[in-house]
Amino acid sequence: MNFNTRLLHGKGVKNYADGATLPPIAQVSAFRYQAAEELDKVFHHKAMGYAYSRVSNPSVAAFEQRINELEKGNAAVACSSGMAAIALALLNILSCGDEIIASSGLYGGSIDLLEDLSKFGIRTKYARHLTPEEAEPLISPKTRLIFGEVLSNPSLEVLDVRKIADFAHGHGLPLFVDATTVTPYLFNPVEFGADVVIHSTTKYINGSGDAVGGIIVDGGHFPWDFDRFEGLSGYRRYGKLAYTIRLRTDIWENMGGCMAPMTAFLNVIGLETLGLRMGRICSNAKALASALAEIPGLEVNYPLLPGNPSKELAESQFGGRGGGILTFRAGSKERAFRIINALHYAVRATSIGDTRTLVIHPESTIYIRSTKDQREAAGVYEDTVRVSVGIEDPEDLIQDFTETIRHYR
Ligand SMILES: *Cc1c(COP(=O)(O)O)cnc(C)c1O
C-alpha cells in the first residue's frame, strides 16, 4: 500500500461503530458500566475498556492508531499540544541530575522548555550542529538522551538521523526527535534508528490550523537498561513497551496533558489529506524558494537550493523533497516588516503547516525569550522572515512575493 492509500485504508483505520467512516467524536469525560466489578477490571487493566477521557478515549485512540501505523511505531500517545508532547516524552525518563544533549537549532519553545527543566535539575548541553563529532565531548555519565529536530524550524538544518542514532546507541542512549516539519510523508525517523518521535499535530498533520495538539510515538526498538533509566525499572516486565506503559500510567496520565476528543477527530480528517497537502506544499515551497533565490542579493534558506549545506541530506533522507518552510533575509528589520505588511496572499500569523501561506518575523515574535546567540544558532536574525508555504496556486505566491520583495529593496 502506498502512502495516500494507507492514509485511507491502512491497518490503523478501524471499523467504527454503526459503520461510521470516521471515528465518532466521543465527547464525554466518563464511560458507564453496569456493574462495579466491570470497572474494577478496567481499572486493573484486566479488561479492555474506557473509563475516563484523561486516561483513554476512543476518538483519541483512533487518531493514535493511525499515526502509530504511519510512523511505523510500537505505540503512540496523543497530547494536548506539541509542547506537552515534548515535555512529557522527556520527563518520562528524566529525573533531577540527568543531562540531555540537544541541538541549539531547536524550535524556540523547546529551548524555553529545556531552560524551565534546568530549574528542576535537568541540564541540557547544546551542540551547534547535532553530529557525532560535536556531541561526543558533551557526553557524561549523567547523559540520558539525545534530542534533535529532523528538519529544524526555522533554521532548516537537516539532521543525519541514522548517523546520530548510531552514535547515541553506541553510548547506550536513546535518540528523541521532533519530526513536526517533515511528517510521515517525508520521512519515518524510526526506520533510521530514532527511538521516540514527537510531532506538534497542530501543524501539518491537522493541516487546517483548527486545533492545537501533539503526539509521542515510541519506536519500540530501544533496549532500555533499567539500572541506567531508573524511572523505568518498575516497568521492567513490559520490556520494550516499558517506555509507553510508564508514560500512559504515570507522567502523561498524572500531568493531564491528554488530547481532546474533538481535536483527535479534526486531526483524523486532516490526516487523510496529508499526502495531497504535503506534496503540494513541498512543490510550492521549492518553486517559491527558487524564484526568490533569483532576486539579486536576497539570501534565501531552503534545503533544496543549490549550495545549501543541507541539500544532500534532504535529498537522500526525504526523497528529494525539502518541506514547506523557507526563510529569507530582507536586509533590515524595517524592510522585513514592510515586506510582511505588503504581501497579499500570505497571512501574517504564527504557526506553520496551514493550508494558507503564513508569514512571520521570528526575531520579534517566537524568539523574544531567546538570547541573541540562541537566536542566531537557530538561524534567526533581525531581518529574517519565515514563510510557511500553503497550498495556493504557485504562480500567485511567486508573483506576490517577488513583486513585493523587489518593490521594497
Ligand atoms: C509548533 C512546534 C512545536 C510546538 O507545538 P505546539 O503544538 O505549538 O505546542 C514543537 N516543535 C516544532 C518543530 C514546532 O514547529
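Cys-282 is buried, at a relative accessible area of 6%; buried means under 20% relative accessible area, exposed over 50%, and partly exposed in between (1.4 Å probe, protein chains only). Cys-282 is one of the buried residues of helix α12. The model is predicted, so local features need pLDDT of at least 70, side-chain atom pairs count only at pLDDT 80 or more, and totals for chains, interfaces and linings use all residues. Residues are numbered from 1 along each chain as its sequence is written, and side-chain values use heavy atoms, with hydrogens and water left out.

**Cysteines**

- The structure holds zero disulfides (a disulfide is a pair of cysteine sulfur atoms within 2.5 Å).
- Cys-79 is in no disulfide, and the nearest cysteine sulfur, that of Cys-258, lies 8.9 Å away.
- Cys-79 is buried, with a relative accessible area of 0%.

**Domains and their interface**

- The domain assignment gives domain 1 (3–270) and domain 2 (275–407); such bounds come from an automatic or database domain assignment.
- The centres of domain 1 and domain 2, taken over C-alpha atoms, are 28 Å apart.
- Domain 1 puts 39 residues into the contact, and domain 2 puts in 39 residues; contact means heavy atoms within 4.5 Å.
- Between them, domain 1 and domain 2 bury about 3,100 Å², with 57% of it on carbon and sulfur atoms. Buried area is the accessible area (1.4 Å probe) that two parts lose on being put together, summed over both.
- Leu-156, Tyr-185 and Tyr-204 supply 24% of the area that domain 1 buries against domain 2, more than any other three residues.
- Two salt bridges are counted between domain 1 and domain 2. A salt bridge is a side-chain nitrogen of Lys or Arg within 4 Å of a carboxyl oxygen of Asp or Glu.
- Arg-369 and Asp-112 meet through their side chains in a salt bridge, at 3.7 Å from N to O.

- Helices (H or I, at least four residues) and strands (E, at least two) are DSSP runs, numbered from the N terminus.
- Helix α11 covers residues 261–272; at 1.5 Å a residue its twelve residues should span 16 Å, and its end C-alpha atoms are 17 Å apart, which agrees. The expected span is 1.5 Å times one less than the number of residues.
- Buried residues in α11 are Pro-261, Thr-263, Ala-264, Phe-265, Asn-267, Val-268, Gly-270 and Leu-271.
- The buried residues of α11 pack against α1 (3–9), α3 (58–70) and α12.
- Helix α12 has 20 residues (274–293), which should span 28 Å at 1.5 Å a residue; its end C-alpha atoms are 28 Å apart, in agreement.
- The buried residues of α12 include Leu-274, Arg-277, Met-278, Ile-281, Ala-285, Leu-288 and Leu-292.
- An α-helix has 3.6 residues a turn, so residues three or four places apart point the same way.

- Arg-66 sits in helix α3. At 3% relative accessibility, Arg-66 counts as buried.
- Beyond its neighbours within four places in sequence, Arg-66 is in contact with Leu-7, Gly-12, Val-13, Tyr-16, Thr-21, Pro-23, Val-268, Leu-271 and Glu-272.
- Arg-375 sits in helix α15 (residues 372–377). Arg-375 is buried, with a relative accessible area of 15%.
- Leaving out residues up to four places away in sequence, Arg-375 touches Glu-363, Tyr-367, Ser-370 and Val-380.
- Arg-375 and Glu-157 are 218 residues apart along the chain, and 14 Å separate their C-alpha atoms.

**Backbone geometry**

- Most residues other than glycine have a negative phi, and most peptide bonds are trans.
- The peptide bond from Asn-153 to Pro-154 is cis, with omega near 5°. Pro-154 lies in the loop between β4 (143–149) and α7 (161–170).
- Asp-18 has a positive phi, near 65°. Asp-18 is in the loop between α1 and α2 (36–43), and at 85% relative accessibility it counts as exposed.
- His-45 has a positive phi, near 55°. His-45 is in the loop between α2 and α3, and at 65% relative accessibility it counts as exposed.

- His-407 is placed in helix α16 (residues 394–407). At 60% relative accessibility, His-407 counts as exposed.
- His-407 and Asn-206 are 201 residues apart along the chain, with their C-alpha atoms separated by 35 Å.
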